[in-house]
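Reader: Hi! Could you walk me through this model while I have it open? I'd like to start with the packing and then move on to the interfaces.

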Amino acid sequence: MNRPSGLLRRVVPFPLLFLALLAMWLLLQQSLAPGHIVLGSLVALGATWVMTALDPQPARLKRPTAMLRLALRVLVDVFRSNLAVGTIILRGNRHSDHAGFMTVQLDLRNEYGLAVLAIILTCTPGTLWVNHDPTRGTLLLHVLDLVDEQSWIDLIKHRYERLLMEIFE
Amino acid sequence: MTPPLEILILGWSLTLAQLLIGLAMSCAAYRILIGPRAQDRILGLDTFYVNAMLLLLTIGIRSGTTLYFEAALAIGLLGFSGTVALAKFLMRGEVIE
Amino acid sequence: MSNAPLLPLWAAILVGTLVVLGAAIALIGSIGLLRLNSFYARVHAPTLGATLGVGGILIGSMVCFSVLQSRPLIHEVLIALFVTITTPVTLMLLARASLHRDRVEGNPEVPQSDLASLERRDG
């Protein structure tokens, strides 16, 4: 990676993050007064300096169309699984007997891709990301409606993982 | 004098929504009280604060000011850090390692 | 009880429906918290309120305030972003903490190894 050099880069290590935080501050204050700009810059500067301590891996996003498709898929799935989990809850106890743990072998290795997958799986009701083993690439999931294990594996592998690998790898 | 129909519709739907959220909060509160284990109580707390945030949002729509939205954001932030700290405590027995 | 901002009729109906739907979904999620019978099943319940529940009410309020034109919509977007990122973090941490505790206690309901299901499938 091309490490940023020069004085500006040393003062502001993550310029995009700095600008985004400053913009958020100004939008929340709903003013462009110089005082708010100074205060917002100080806060954003502090946050970017703290970020250097975390030393995040550089992330490269590819294929905006894949990102859009993933977002649409997740939106559809959130609606569908809300409906599914809602009916399970309202129909009563006997269906939660199907709940159980399962393991999936993942090919996705990128940290950010895994983080996004974790958010997607946990955010859609019915699936819960429990544990990921980075050396073996296995993921322990909890599923509320574990009747057909293979269908959940297909869902994760084909619907999400392939697109995530296109975006992040 | 009765207010116009539009205000009645919105007002009563907001009241209904607030009632539903109130019920949801009592469900979560009941889970906090009965447990049975510590993780159940924390889960109840997590649901409780998300519902409280929703309640504030409906009050915010009724009042038409930003004040309640900032309060909702603050509840979200504090609730999140609270439940994360509690979950961390369950895992290791201490909050900061 | 019936004080609310004055919107055009279509907007009032739309906002009212979205808000009531969001609240109902949040209620279903919280009912699930009571009715489901094991901790790991219950973890799934709050996500209903945190996805479509929050979504319905936030979109309702976005419609309301963009019709009123009283302020920018930044708060709703921020809250939505915040809830989508934080809820999974809390739930994952809680599930892992609980799994850790159950494994330490030797609870037979949880798999002692992450690979249990793989081994079962491959025979």
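Reader: What is C:Val15 in contact with, leaving aside its neighbours within four places in sequence?
Author: C:Val15 is in contact with B:Leu10 and B:Ile61 from chain B, and with C:Leu7, C:Gly60, C:Val63 and C:Cys64 from its own chain. Contact here means heavy atoms within 4.5 Å.

Reader: Thanks! Before I go on, what sort of model is this, and how are things numbered?
Author: This is a predicted model, where local features need pLDDT of at least 70 and side-chain atom pairs count only at pLDDT 80 or more, while totals for chains, interfaces and linings use all residues. Residues are numbered from 1 along each chain as its sequence is written, chains are lettered from A and ligands numbered from 1 in the order in which they are written, and side-chain values use heavy atoms, with hydrogens and water left out.

Reader: Good. Which residues touch the most other members of the largest nonpolar core?
Author: B:Leu57, C:Val15 and C:Ile79 do, in a core of 63 residues. A nonpolar core is a set of buried Ala, Val, Leu, Ile, Met, Phe, Trp, Tyr and Cys residues joined through side-chain atoms within 4.5 Å. Buried means under 20% relative accessible area, exposed means over 50%, and partly exposed is in between (1.4 Å probe, protein chains only).

Reader: Which elements each supply at least two residues of this core?
Author: From chain B there are helix H1 (5-34), helix H2 (38-63) and helix H3 (67-92), and from chain C helix H1 (9-35), helix H2 (39-42), helix H3 (46-68) and helix H4 (74-105). E2 of chain A is on the list too. Helices (H or I, at least four residues) and strands (E, at least two) are DSSP runs, numbered from the N terminus.

Reader: What does the second, separate core include?
Author: That core has 38 residues, among them A:Ile88, A:Val104, A:Leu114 and A:Leu155.

Reader: Switching to interfaces: how much do chain B and chain C bury between them?
Author: About 5,000 Å², with 78% of it on carbon and sulfur atoms. Buried area is the accessible area (1.4 Å probe) that two parts lose on being put together, summed over both. In residues, 57 of chain B are in contact with 58 of chain C.

Reader: How many polar contacts and salt bridges are there across that interface?
Author: The rule finds three salt bridges and eight residue pairs in polar contact, both residues at pLDDT 80 or more. A salt bridge is a side-chain nitrogen of Lys or Arg within 4 Å of a carboxyl oxygen of Asp or Glu. A polar contact is a pair of N or O atoms within 3.5 Å; within protein, one must be able to donate a hydrogen and the other to accept it, and residues adjacent in sequence count only if both atoms are side-chain atoms.

Reader: Where do C:Arg42 and B:Asp40 sit, and are they buried or exposed?
Author: C:Arg42 lies in helix H2 of chain C and B:Asp40 in helix H2 of chain B. Their closest N and O atoms are 2.7 Å apart. C:Arg42 is buried at 6% relative accessible area, and B:Asp40 counts as buried at 2%.

Reader: And what about B:Arg37 with C:Glu105?
Author: They form a salt bridge with closest N and O atoms 2.9 Å apart. B:Arg37 is partly exposed, at 25% relative accessible area, and C:Glu105 counts as exposed at 51%.

Reader: Now chain A against chain C: how many salt bridges there?
Author: Zero salt bridges, but four residue pairs are in polar contact, both residues at pLDDT 80 or more. The area buried between chain A and chain C is about 3,500 Å², and carbon and sulfur atoms give 69% of that. A:Ile89, A:Phe101 and A:Thr103 lose the most area on the chain A side, together 17% of what that side buries. In all, 40 residues of chain A are in contact with 38 of chain C.

Reader: Last one: which residues does A:Asp77 link up with in a network of salt bridges?
Author: A:Arg80 and A:Arg159. A:Asp77 and A:Arg80 have closest N and O atoms 3.2 Å apart, and both lie in helix H4 of chain A, three residues apart, about one turn of the helix. A:Asp77 is buried at 5% relative accessible area, whereas A:Arg80 is partly exposed at 49%.
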